[in-house]
Amino acid sequence: MEPDLTARRRWIGALTLFAAVAMIIGGETVLRDRLGPLSTLVYWLVCLALTGVAVYTALLDLRALRLRTRREERDLLEATVKKIQFEVEARPSEPGRARNGSGDRR
């Protein structure tokens, strides 16, 4: 389920950012002299809202990516520790050498 949420977040962010850029281009070229004062205000507020949604979506994606990375690092560390413990337990002990570390050291 995680990849679906990530893809959805990224699509929403990309689409809202694309819409905001399209509104900026349209507002500065085609619609510059055609909108009244109230229409211009509403137009740019909508553009600002779309930009805000894109930024918020990017921050959510960043947070999710950090959480997933942290979880994967923890799982990797646990797997590595278990592997090392298994290898230590499976290794035959050397004659004349105690397992607890005391004994003949050269």
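The model is predicted, so to speak plainly about cut-offs: local features need pLDDT of at least 70, side-chain atom pairs count only at pLDDT 80 or more, and totals for chains, interfaces and linings use all residues. Residues are numbered from 1 along each chain as its sequence is written, and side-chain values use heavy atoms, with hydrogens and water left out.

I start with the chain as a whole. It has 2 helices and 0 strands; both terms refer to DSSP runs numbered from the N terminus, H or I of at least four residues for helices and E of at least two for strands. Of the 106 residues, 13% are buried. Buried here is under 20% relative accessible area, exposed is over 50%, and partly exposed is in between, with a 1.4 Å probe and protein chains only. The accessible surface is about 9,100 Å², and carbon and sulfur atoms hold 64% of that. Those areas come from the Shrake-Rupley method with a 1.4 Å probe, and for residues only the protein chains shown count as cover. Among contacts with a separation of 6 or more, 54% join residues 24 or more positions apart; a contact is heavy atoms within 4.5 Å.

Next, helix α1, which spans residues 2-28 and includes Thr-6. Thr-6 is buried, at 9% relative accessible area. Leaving aside residues up to four places away in sequence, Thr-6 touches Asp-61 and Arg-68.

Now helix α2, residues 37-90, where Thr-40 lies. Thr-40 is partly exposed at 27%.

What does a search of the whole structure find in the way of aromatic pairs? It finds 1. The pair is Tyr-43 with Trp-44, and it is edge-to-face because the ring planes stand at 90 degrees, with centres 5.3 Å apart. For the cut-offs, rings of Phe, Tyr and Trp (its six-membered ring) pair if their centres lie within 6.5 Å; planes under 30 degrees apart are stacked, over 60 edge-to-face, the rest tilted. Tyr-43 is buried at 15%, while Trp-44 is partly exposed at 29%.

Last, the tally of side chains by burial: Thr-6 and Tyr-43 are buried, and Thr-40 and Trp-44 are partly exposed.
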